[in-house]
Amino acid sequence: MDDACVGHAGWDLMRYCVSLVLAADHCARLSAVHGRVKHQAPIDQLSSQQVKTAIQGFLPSDHQTCNLRILQPGQFNRSLRKPNMSASLLKSFIKAKRRAAGGKHFYTKSTLAQSVQLEPSGLRFKSLPHTFKLITDIEYQALKVQFAPYMDDEILAIVERIHAAGFR
């Protein structure tokens, strides 16, 4: 379960950048197969150079935001106070803000908060027999060997998510 893992911020940055490349590729392929839909944004015309420019603009901006967070802790949520976005995005924005760590619904709606508990040794999966199932020692060791090269820290737990779409 990806969102129950505390990892390096760099992983999220890489995942975001890759998602830009994949989104542009996906839209170009859809356009090639189906043609442009009337009133569709011209996203299928994004060039690889435009995607590269977007990534090169995003990374320094994210770095600047992180520095601001360190140098001016009180300004951390300044961009979240008065969102400058369309009404169609505002509802999703408010929902996400409430589910974020420290938000009003974090402990009741966040998958992460509902699935793990913070202990002195770190995060641990909660005992939720209808949600998680312990895996066998053989499965655990096999998965641990596969994931260990990508982890800087100790693997604390591996469980099977019950009723997860696309998984066994």
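Colleague: Why does Lys-91 count as exposed?

Modeller: Its relative accessibility is 71%, and the label exposed requires over 50%, with buried being under 20% and partly exposed in between (1.4 Å probe, protein chains only). Lys-91 therefore counts as exposed. Please note that the model is predicted: local features need pLDDT of at least 70 and side-chain atom pairs pLDDT 80 or more, whereas totals for chains, interfaces and linings use all residues. Residues are numbered from 1 along each chain as its sequence is written, and side-chain values use heavy atoms, without hydrogens and water.

Colleague: In which element does Lys-91 lie, and of which surface patch is it a member?

Modeller: Lys-91 is placed in helix H4. Together with Lys-95, Arg-99 and Lys-109, it gathers in a patch of positive charge on the surface. Helix H4 (residues 87-99) supplies the largest share of this patch, three residues.

Colleague: What makes a group of residues a patch?

Modeller: Each member must have over 30% relative accessible area and no salt bridge, like charges being joined within 9 Å and nonpolar side chains within 5 Å. Lys and Arg count as positive.

Colleague: How many salt bridges are there, and what makes Arg-15 and Asp-12 one of them?

Modeller: The structure holds two. A salt bridge needs a side-chain nitrogen of Lys or Arg within 4 Å of a carboxyl oxygen of Asp or Glu; for Arg-15 and Asp-12 the closest N and O atoms are 2.4 Å apart, so the pair qualifies. Both residues belong to helix H1 (residues 9-34), three residues apart, or about one turn of the helix. Arg-15, at 44%, is partly exposed, and Asp-12, at 43%, is also partly exposed.

Colleague: Which residues form the other pair, and where do they lie?

Modeller: Lys-133 pairs with Glu-160, their closest N and O atoms being 3.8 Å apart. This pair links distant parts of the chain, 27 residues apart: Lys-133 is in strand S3 (residues 132-134) and Glu-160 in strand S4 (residues 159-161).

Colleague: Why is Glu-160 called buried, and what label does Lys-133 carry?

Modeller: Glu-160 has a relative accessible area of 15% and is therefore buried. Lys-133, with 43%, is partly exposed.

Colleague: How do you know that the length of helix H2 agrees with expectation?

Modeller: The expected span is 1.5 Å times one less than the number of residues. The 24 residues of H2 (residues 48-71) should thus span 34 Å, and the end C-alpha atoms are 35 Å apart, which agrees. Within H2, Val-51, Ile-55 and Leu-68 are buried.

Colleague: What does the chain contain as a whole?

Modeller: The chain has seven helices and four strands, these being DSSP runs (helices H or I, at least four residues; strands E, at least two) numbered from the N terminus. Of its 168 residues, 14% are buried.

Conventions. Accessible areas come from the Shrake-Rupley method with a 1.4 Å probe; for residues, only the protein chains shown count as cover. The place of a charge is taken as NZ of Lys, CZ of Arg, CG of Asp or CD of Glu.
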